[in-house]
Number of protein chains: 2
Amino acid sequence: MLCVGKNSANEWLDSIEHYAKRINLYAPFEVDIISDSKTGKKSIPSQIKKAEGQKLLQKIKKGDVVILLDEKGMAYNSLSFSKEIQKYQNSGTQRLIFIIGGAFGFSEELSSQFPNKIRLSDMTFSHQMIRLFFCEQLYRAFTILHNHPYHNS
Amino acid sequence: MLCVGKNSANEWLDSIEHYAKRINLYAPFEVDIISDSKTGKKSIPSQIKKAEGQKLLQKIKKGDVVILLDEKGMAYNSLSFSKEIQKYQNSGTQRLIFIIGGAFGFSEELSSQFPNKIRLSDMTFSHQMIRLFFCEQLYRAFTILHNHPYHNS
């Protein structure tokens, strides 16, 4: 999971770490955070997105599969999302990167380069909260695939 | 917001209270919790749902408007959800009750009595987490209606 913005501001950091540990029981999982590019009140959203997009691109290596968490993305339910994860596992994907953008979303460059997009909800949630939602959902996906009772609770 | 299950188990209690306080800046908002009806390993889901449904019904007074948070409910985006809230405010609704069910969902009795259902996501989240999601979304709705900058952050 690759995110934009400071981690220290996230009040759900403990919960995110809790899920990250549990995800690691099934597959190696890391959270990486690049700093956001807000430089002051006069910052222009398109410039911020572009700067963040460039920082994000530096994190991506050849062979990585990238999925953007985007409000215009495909909606999955928990079961179909777990099947997506399984599909990537079965196809020998070395590294699957889910990117959660900053406050202004993704740059055009990033968005067009990575057309694979998913959305967690039709509703807009804070970018900090999306990290928590996503980690819970990814953990849930693995519990579904491994028939662990968590996903029925 | 009316919920089923122990509050003490909710690791996001502080965050929920934080949003509850902020919602109260716009409208009186209370969280009420009835205990779940798990009585042991041999409990039958349909019986649990029925028992919980009866406890929930006792909380509802004449004139209350009830909306169930249900995975089969209508999907809203944050803007259309805020307009729903506004509609209820403008129609003089005395008390609007959002019910988050227990682990097994709602009883048939409750579900058929209250056809007004919304869903936050196609994905399944833990019942504890839904409380946090919902409070954030209700707060967001009021910030949209009052043009508070939160909803753009």
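Reply: Happy to. The sheet of chain B is open and has five strands in the order S2-S1-S4-S3-S5, with parallel pairing. Strands here are DSSP runs of E with at least two residues, helices are runs of H or I with at least four, and both are numbered from the N terminus. Two strands count as paired when DSSP finds at least two bridges between them. Please keep in mind that this is a predicted model, in which local features need pLDDT of at least 70 and side-chain atom pairs count only at pLDDT 80 or more, while totals for chains, interfaces and linings use all residues. Residues are numbered from 1 along each chain as its sequence is written, with chains lettered from A and ligands numbered from 1 in the order in which they are written.

At the edges of the chain B sheet are strand S2 (32-34) and strand S5 (117-119), each pairing on one side only. On average, neighbouring strands of this sheet are turned by 35° against each other, direction ignored. Angles of this kind are taken between lines fitted to C-alpha atoms (for helices, over the stretch in contact) and run from 0 to 180 degrees between N-to-C directions.

Now the individual pairings. Strand S1 (residues 2-4) of chain B runs parallel to strand S4 (residues 96-100) of chain B, and two bridges join them. Cys3(B) is the residue opposite Ile100(B) in S4(B). S4(B) is also joined to strand S3 (residues 65-75) of chain B, by five bridges and again in parallel; there, Ile67(B) stands opposite Phe98(B). S3(B) in turn pairs with S5(B) in the parallel sense over four bridges, and Leu69(B) has Ile118(B) as its bridge partner in S5(B). A general point for reading side chains off such strands: in a regular strand they alternate between the two faces of the sheet.

In chain B, helix H2 (residues 45-59) lies across S1, S2 and S4, at about 145° to S2(B). Over in chain A, helix H5 (residues 127-145) lies across strand S1 (2-4), S3 and strand S4 (96-100), at about 150° to S4(A).

Chain A has an open five-strand sheet too, in the order S2-S1-S4-S3-S5 with parallel pairing. Its secondary structure comes to five helices and five strands, which follow the pattern β-α-β-α-β-α-β-α-β-α along the sequence. For overall dimensions, the C-alpha trace of chain A spans about 50 × 35 × 25 Å along its principal axes. The radius of gyration of chain A is 15 Å, which agrees with the value near 15 Å for a compact globule of 153 residues; the radius is taken over C-alpha atoms, and the globule rule is 2.2 Å times the number of residues to the power 0.38. Among the contacts in chain A with a separation of 6 or more, 83% are between residues 24 or more positions apart. A contact means C-beta atoms, placed from the backbone, within 7 Å.

How do the two chains relate?

At the interface, 19 residues of chain B are in contact with 20 residues of chain A. On the chain B side, helix H3 (78-90) and helix H5 (127-145) are the elements that give two or more residues, and H5(B) gives the most, with three. Because 100% of the interface residues of chain B are also interface residues in chain A, the copies meet through the same surface.

Asn147(B) is not a glycine, yet its phi is positive, near 55°. With 8 C-beta neighbours inside 10 Å, Asn147(B) is exposed (the scale is 12 or fewer other C-beta atoms within 10 Å for exposed, 20 or more for buried, and partly exposed in between, with C-beta atoms placed from the backbone).

Notes
Two residues are in contact if their C-beta atoms, placed from the backbone, lie within 7 Å.
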